[in-house]
Amino acid sequence: MKRISSELKDAKTIAIGGHVRPDGDCVCSVMALYRYLKKELPEARIDAYLETPPAVFRVLPGIENIKSEFDNKETYDIFFALDCNEERLGEARPLFDRARRRINIDHHISNTGCGDVNVVEPERSSTSELLYELMEPELVDEEIAKAVYIGIAHDTGVFRYSNTSVRTMEIAANLLKFGFDFSGLIEKTFYEKTYVQTQITGRAILESIRFMNNKCIVSVVTRRMMDFYQVGPKDLDGIVNQLQGVKGVECAIFMYEIGTLSYKVSMRSNGLVDVAGVAVKFGGGGHLRAAGCTMNGTCHDNINNLSREIASQLKKAQEQV
Ligand code: AMP
Ligand code: MN
Ligand code: MN
């Protein structure tokens, strides 16, 4: 597929979905495509499905149109799955499976493509960046530009991670020409944290433990801690990145309890460890330097199991030098 437009022939109903626990890139790519399709096909019905996005994304006008109830039994002409494969579509999965034509746009190295049409480019910073490349430039307006910009900014840690390319910056420059308040949007959606978010981040850092010659760092947030600070999973974004920034650390692990003996795991690498490879072994996925999975068992067992994989990768990396 060269352009989204070439895929839309005769489509009267189109659905868009992203992954469970949607992050900035996911929310923004869904919003950007939603607005884009509404513009390109004013007669068609366009529905966007996502779990309720974090409140900070209310800065995107129209976000209230995203449907977080998945009871629709419709067979859509096209379903766009963004920033994930079918397994992470959550409750939107039946809509995807049933659609007449399925299009998958993603940048996860672990995704082998789940649609009838697949655009999966792991070298892209974000799904938002990839989506922009597939749009007709003359149809991009200020609101679409805003969404694409914020999506890219979130997945690149505000143009800081190594997934930021020359092309990423060229696209960002084109988007800034629309003149929106990029600085305020980044502050509001990326950096600003509530008091309790800051508190639980502090607690997680305080209780972190280094191991494997200080090359790994781990922190665990329990249900009890989340209840105490009155926070939810959406409030824990960014903790793993703080752990990753500790001098000498090659691999950071953060996990929080999602149920009895069940943890959502986030991993970040500073280069030597391929955390996507580690996550895939435990049924998850992601990118070389940022990946995740869900693990069952006690947190100690999970840490042991992850450590074995990480240690074997570190050993390999050290043998190569
Ligand atoms: P997170 O640690 O949740 O911020 O995720 C880091 C990266 O890995 C993101 O690009 C996620 O989309 C991806 N990821 C996280 N969890 C999973 C999973 N269970 N399966 C596939 N990819 C994941
Ligand atoms: Mn994502
Ligand atoms: Mn992404």
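## Ligand 1: polar contacts

A polar backbone atom of glycine 292 sits 3.4 Å from a nitrogen atom of ligand 1. The protein covers 80% of the 470 Å² of accessible area that ligand 1 has on its own; areas come from the Shrake-Rupley method with a 1.4 Å probe, and for residues only the protein chains shown count as cover. This is a predicted model, in which local features need pLDDT of at least 70, side-chain atom pairs count only at pLDDT 80 or more, and totals for chains, interfaces and linings use all residues. Residues are numbered from 1 along each chain as its sequence is written, chains are lettered from A and ligands numbered from 1 in the order in which they are written, and side-chain values use heavy atoms, with hydrogens and water left out.

Two side chains also make polar contacts (pairs of N or O atoms within 3.5 Å). A polar side-chain atom of serine 266 lies 2.6 Å from an oxygen atom of ligand 1. For lysine 264, an N or O atom of the side chain is 3.1 Å from an oxygen atom of the ligand.

## The shell around ligand 1

Ligand 1 is surrounded by 13 residues, and the closest are Arg88, His108, Ser266, Arg268 and His287. A residue is near the ligand if one of its heavy atoms lies within 4 Å of it. By class, three are nonpolar, seven polar and three charged. Gly counts as polar here; Asp, Glu, Lys and Arg count as charged.

Strand 9 (262-269), strand 10 (285-286) and strand 11 (290-296) each supply at least two shell residues. Strand 11 gives the largest share, four residues. Strands are DSSP runs (E, at least two residues), and helices are H or I runs of at least four, both numbered from the N terminus.

## Manganese ion, ligand 3

Asp25 (OD), Asp83 (OD), His107 (NE2) and Asp155 (OD) coordinate this manganese ion at 2.2 to 2.4 Å. Histidine 107 is in the loop between strand 4 (101-106) and strand 5 (117-120), while aspartate 155 is in helix 4 (residues 142-155), 48 residues apart. Donors are N, O and S atoms within 2.8 Å of the metal (3.2 Å for Na, K and Ca); water is not among the atoms, so sites may look incomplete.

Histidine 107 is buried, at 1% relative accessible area. Aspartate 155 is buried too, at 16%. Buried means under 20%, exposed over 50%, partly exposed in between (1.4 Å probe, protein chains only).

## Manganese ion, ligand 2

The protein donors here are His19 (NE2), Asp23 (OD), Asp23 (OD) and Asp83 (OD), 2.1 to 2.7 Å from the ion. Their sequence spacing is H-x3-D-x59-D. Histidine 19 is buried at 4%, whereas aspartate 23 is partly exposed at 26%.

Aspartate 83 bridges ligand 2 and ligand 3, and the two manganese ions lie 3.5 Å apart.

Note on methods. A polar contact is a pair of N or O atoms within 3.5 Å; within protein, one must be able to donate a hydrogen and the other to accept it, and residues adjacent in sequence count only if both atoms are side-chain atoms.
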